[in-house]
Amino acid sequence: MDIEQFRKAGYQAIDRICDYYYSLQGRAVTSQVEPGYLRKALPALAPTSGEDFQEIADDYQKLIIPGLTHWQHPSFFAYFPTACTFEGMLGDLYASSACNPGFNWSCSPACTELEAVVMDWAAQLIGLHSTFLNTSEVGGGVMQTSASDSALTAVVAARSRYIRENPNARMEDLVLYTTTQTHSLGLKAGLVLGLACRALEVTAENSFGLRGDTLRAALEEDIAAGKKPFILIATVGTTSSGAFDYIEELGRVASDYASLWLHVDGAWAGVSMACPEFREICHLEAINRYADSFCTNFHKWGLTNFDASTLWVRDRKDLTDALDVTPEFLRTKHGDAGTVIDYRNWHLGLGRRFRSLKLWFVLRSYGVEGFQKYIRQSVQLNETFVSMIRSSPQFTLVAPPSLALTVFRLEPQTTKQPLSAELLNNLNRLFYGRISARNDILLTQTVLNGTFCIRFAIGAARTTEEHIKQAFDILSAEAE
Ligand code: PLP
């Protein structure tokens with residue numbers, strides 16, 4: 001494809017993307033295809049000679065779109081919605097056109113410098129302490145692919161710091177702490193690094209948040225058994241129920257064990273701290289005081305297209321000490337002089353995408369006020385949904401509503417004997433089975449302390465009150 005052919009194909013692609021967005025509301029949320037549908041439709045080998053691009057573009061419409069789950073559909077309430085924006089898409093398009101792997105500052109100074117600035121914007125947007133800013137030249141922020149990568153990077157840095165401070169420690173004694181509500185990223189980090197992982201119990205009485213005394217008891221027990229606790233992955237806004245670990249208490253305990261790294265995963269809820277009124281619930285003060293690292297995903301509730309996970313560390317040396325491997329071919333004048341950031345030393349890979357461009361576009365186009373408005377709107381929509389659930393005789397809340405997430409279940413009021421826990425679980429599995437068989441709405445399920453329940457997560461950029469009402473009507477009809 002030459003430049004003029006690209007111009008033409010590009011105009012057509014944007015036209016078709018616009019048509020796709022106009023059509024979203026009228027589409028089913030979920031794909032209707034059967035497993036293996038695409039293999040049947042495509043040849044087993046790449047074509048021997050090149051094909052006409054128009055045919056390829058048409059096949060995207062014909063073969064790929066039918067296999068998409070429409071995450072930008074206004075009735076998408078599953079997982080945590082990804083609110084992507086046209087600004088973000090254009091950022092990705094320009095980033096692809098620059099097409100460079102940005103691992104050293106000198107690869108493209110703009111890539112590194114924009115990331116350093118935009119990470120500082122994002123840090124200030126959500127109220128992080130100046131310690132975490134790149135301008136501090138001590139702490140700093142870096143964009144990663146996902147919260148899982150951010151957590152893995154934090155664990156690698158924490159392990160390396162622990163071993164430096166305790167050179168006689170044996171790897172097999174190291175313990176990584178999570179809770180039973182931590183995202184699978186904790187277990188996965190342990191698995192990948194071959195480290196023991198202990199998931200601490202949290203209870204419904206504490207709204208599924210980890211308390212300091214639970215952590216302290218586990219640390220004491222493990223230390224007495226010769227184990228070496230080195231990191232806790234705490235969460236603000238858990239996946240299952242949007243629970244918040246008690247970061248202030250955990251931070252105080254971690255301070256008593258100086259080598260314990262505190263990583264706070266705010267993958268979903270973190271961006272809500274753009275609104276000052278949500279900072280307390282997210283324990284911002286404690287994060288600022290105690291966290292060694294903090295992550296939030298702008299690609300979830302932050303209006304930015306996947307991938308845009310933002311990771312901040314209190315001390316950038318913890319990253320570079322763990323990850324700086326510099327053979328001759330990667331050396332540069334500025335890198336050697338230490339006058340620039342070489343982001344390859346702040347993450348696991350070498351090459352990296354120019355992710356900051358899309359976040360820059362989004363933050364400039366929305367401004368702080370526009371960003372706050374969108375977050376507040378999701379929370380308000382959730383309040384509407386919660387009040388419907390509360391006033392319904394069919395449903396009950398299973399956990400306290402959290403920002404834009406509600407966890408509920410079917411619990412019909414009956415004048416006869418109360419239903420047993422098992423019967424209620426079976427009833428809810430049946431109910432969820434009916435909901436998930438529909439294609440005009442998408443929700444996901446979870447289990448909290450043995451209780452099967454249903455999550456309703458708001459955040460898709462085009463969801464309005466009308467969609468919430470429709471969703472509630474569908475849920476009520478299926479419950480009936
Ligand atoms: N942490 C929390 C609290 C999440 O809810 C999720 C995903 O929903 C993740 C981490 C994983 O995010 P990622 O896909 O960016 O690794």
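Two strands pair if DSSP finds at least two bridges between them.

Now, the model. It is predicted, so local features need pLDDT of at least 70 and side-chain atom pairs count only at pLDDT 80 or more, while totals for chains, interfaces and linings use all residues. Residues are numbered from 1 along each chain, as its sequence is written.

Two pairings to look at. Strand 1 and strand 7 (residues 309-313) are antiparallel, over five bridges. Within that pairing, Met143 has Thr310 of strand 7 as its bridge partner. Strand 4 (residues 228-235) and strand 5 run parallel, also joined by five bridges. There, Ile233 is bridged to His263 in strand 5.

Stay on strand 5, residues 261-265. Five of its five residues are buried, so the strand is largely enclosed by the rest of the structure. Buried means 20 or more other C-beta atoms within 10 Å of the residue's own; exposed means 12 or fewer; partly exposed is in between; C-beta atoms are placed from the backbone. Both faces are covered. Trp261, His263 and Asp265 are buried on one side, Leu262 and Val264 on the other.

Next, helix 5, residues 109-125. Its 17 residues should span 24 Å at 1.5 Å a residue, and the end C-alpha atoms are 24 Å apart, which agrees. The expected span is 1.5 Å times one less than the number of residues. Its buried residues include Cys111, Glu115, Val118, Met119 and Asp120. What do the buried residues of helix 5 pack against? Strand 1, strand 7 and helix 14 (356-390). Contact here means C-beta atoms, placed from the backbone, within 7 Å. After helix 5 comes Gly127, with a positive phi near 85°.

Helix 6 covers residues 147-165. It has 19 residues and reaches 27 Å from first C-alpha to last, close to the 27 Å expected. Of those 19 residues, 14 are buried, so helix 6 is largely enclosed by the rest of the structure. Now take helix 3, residues 53-64. Its 12 residues should span 16 Å, and its end C-alpha atoms are 15 Å apart, which agrees. How many residues of helix 3 are buried? Zero, so helix 3 lies largely in the open.

On to the ligand. It is surrounded by 16 residues, and the closest are Ser146, Ala147, Ser148, Thr239 and Ala267. A residue is near a molecule if its C-beta atom, placed from the backbone, lies within 6 Å of it. By class, the shell has six nonpolar, nine polar and one charged residues. Ala, Val, Leu, Ile, Met, Phe, Trp, Tyr, Cys and Pro count as nonpolar; Asp, Glu, Lys and Arg as charged; the others, Gly among them, as polar.

Strand 10 pairs with strand 11 (residues 451-457) over five bridges, antiparallel. Thr444 stands opposite Arg455 in strand 11.

Last, some backbone geometry to check. The peptide bond from Phe306 to Asp307 is cis, with omega near 10°. Asp307 is in the loop between helix 11 (298-301) and strand 7. Two residues other than glycine have positive phi: Tyr79 at about 40°, and His283 near 60°. Tyr79 is in the loop between helix 3 and helix 4 (86-98). His283 is in the loop between strand 5 and helix 10 (284-290). Buried or partly exposed? Tyr79 is partly exposed, with 16 other C-beta atoms within 10 Å. His283 is buried, with 27.

Notes: Helices (H or I, at least four residues) and strands (E, at least two) are DSSP runs, numbered from the N terminus. Two residues are in contact if their C-beta atoms, placed from the backbone, lie within 7 Å.
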